Amino acid sequence: MSLLTLSALLTGCGGAKEDTPTTPPAPPPVQPGPLGLSFTSPVAANNVHDVGSAVSLQVSVTINGNAAPNGTPVTLTTNAISASLAPTVPTTLGGAATSVLNSSVIGPVVVNATVTSTTHSANESLKLYIRPVHQPLELLVPAYFSAAKDSPWTTLVSGAKSYPDVKITAIMNPNGGVLTSTTTANTDLATAMASFKTANGKVVAYVSTLYGNGARSEADVKATIDKYLELYPTLDGFFIDEMAPGSNRLSHYQTIYNYIKNKNIALVVIGNPGMYPDQSYANVTDVLTTFEGTAAAFQVLDPQQSSNTWVYSQYNTSQAMLAHSASTCTAMQDSLKYANKARTNAGLVFTTDETTVRAVTRLPSYWIQMLGTVDAMNKGGTLPAC
């Protein structure tokens, strides 16, 4: 048999040498010219994301003012070892390169993008904040009104029963936050409180501290706490009002926090400086009321503009907002939607159509719609009509 015939037979039987895999073609060189580089996704207003979530990134690249040719490589890096990028060197399509970032750790993450031509290079960075996983909204209700028969407490209880999936914490305030050895229990309030708790509501007691300036001593505050627990033993915690925001008063509130927790570790401590305090206050409370004011003012509140990005290290349910002068149902819903934004990071919410939250006399006219709004937002449903 000739060698030519044998070679042909071997080829037909699969005995021929396999082809060597070809190397994918290298991306075309970036043409010379001035480069433009910018992150187009996520937008600046959407730079807070839940830990473990996939964050879509998009980088726009231009050369000589025109969209970069398809296949232009962009190098992405990050300063966080807990964050991953896939791919790390995306290439452009239609002038944009895309990647996905995922971070397993809470905290700020900076993503850097670089593109280089034979004559120029461009760099751009994007700062993101990774927060704990978002928790459902809850209601924090200043229930400072009368507890007599057919009072707003009755409506509070019926609303809690109608929306059992909405967590509600009511703040009771029978004595202006100051109790003494001679203070007696308000029987109407005790009855209303018991009814509310059977509807899965929680009740915390209002405590005045006068900003820790000495006008109310630690002994006075402790005496108030003791008396509350004596008269209303089923309390779920305390609302520490008139909380100072500065670090110079921190030790005062640390003492109060420790005193309450030593009574019962399960008692919740809600502090109310009414603004963003020194971040150390997050360690002496379970919840911080970081806003108290008008609904209009709340809707321009921005932790990043006031250098309070430390709130992103906290669960949203560690931040509360109390807004007044939300005169309509629509204004209420706008405030709640703003609170629910990742950038705002508020989890306990309340608005009223009264002109203050410091002397609430009734539930807002849109109380049922507010319950329905929180319920719908938590479940991804359609908001109730106003």
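Which residue of β16 does Phe291 stand opposite? The legends below describe close-up views of a predicted model, and the first of them takes up this question.

**View 1. The closed barrel of eight strands and the pairing of β15 with β16.** In this predicted model, the strands of the barrel run in the order β10-β11-β12-β13-β14-β15-β16-β17, and their pairing is parallel. From one strand to the next, the twist averages 25°. Strand β15, residues 287-294, is joined to strand β16, residues 319-324, by six bridges in the parallel sense, and the residue that stands opposite Phe291 is Met321 in β16. Helix α8, made up of residues 367-379, packs on this sheet, where it touches β10 (138-143), β11 (168-172) and β17 (348-351), and the direction of α8 makes about 155° with that of β10.

**View 2. Helix α2 and its buried residues.** Within helix α2, which comprises residues 152-162, the buried residues are Trp153, Leu156, Val157, Gly159 and Ala160. These residues lie on the same side of α2, because the arc that they cover around the axis is only 165°. The elements against which the buried residues of α2 pack are the strands β10 and β11 together with the helices α3 (187-198) and α8.

**View 3. Helix α5, with a buried side and exposed residues turned away from it.** Helix α5 consists of 14 residues, 250-263, and spans 20 Å from its first C-alpha to its last, which is close to the 20 Å expected at 1.5 Å a residue. Leu250, His252, Tyr253, Ile256, Tyr257, Ile260 and Lys261 are the residues of α5 that are buried. When α5 is seen down its axis, these buried residues fall within an arc of 165°, and they therefore line one face of the helix. The exposed residues Ser251 and Asn262 are carried on the face of α5 that is turned away from the buried side. On the buried side, the packing partners are α4 (218-231), β13 (237-241) and β14 (268-271).

**View 4. The open sheet of four strands.** The strands of this sheet follow the order β2-β9-β8-β5, and their pairing is mixed. Because β2 (48-50) and β5 (75-78) stand at the edges and each has a single partner strand, one side of each is left without a neighbour in the sheet. Neighbouring strands are turned against each other by 30° on average, with direction ignored.

**View 5. His49 in strand β2.** His49 has a relative accessible area of 13%, and this value lies under the 20% limit, so the residue counts as buried. Its side chain reaches the backbone oxygen of Asn46 at 2.8 Å. When neighbours within four places in sequence are left aside, His49 is in contact with Pro42, Val55, Leu128, Tyr129, Ile130 and Arg131.

**View 6. Thr72 in the loop between β4 and β5.** The loop that holds Thr72 lies between β4, residues 66-67, and β5. With a relative accessibility of 4%, Thr72 counts as buried. The side chain of Thr72 reaches the backbone oxygen of Pro69 at 2.7 Å.

Key: Residues numbered from 1 in each chain as written. Predicted model: local features only at pLDDT ≥ 70, side-chain atom pairs only at ≥ 80, totals over all residues. Heavy atoms only, no water. Helix = DSSP H or I, 4+ residues; strand = E, 2+ residues; numbered from the N terminus. Expected span 1.5 Å × (residues − 1). Buried < 20%, exposed > 50% of the residue type's maximum accessible area, 1.4 Å probe, protein only. Arc of directions from axis to C-beta. Contact = heavy atoms within 4.5 Å. Pairing = 2+ DSSP bridges. Axes fitted to C-alpha atoms, helices over the stretch in contact; angles between N-to-C directions. Polar contact = N/O pair within 3.5 Å; in protein donor to acceptor, adjacent residues only side chain to side chain.
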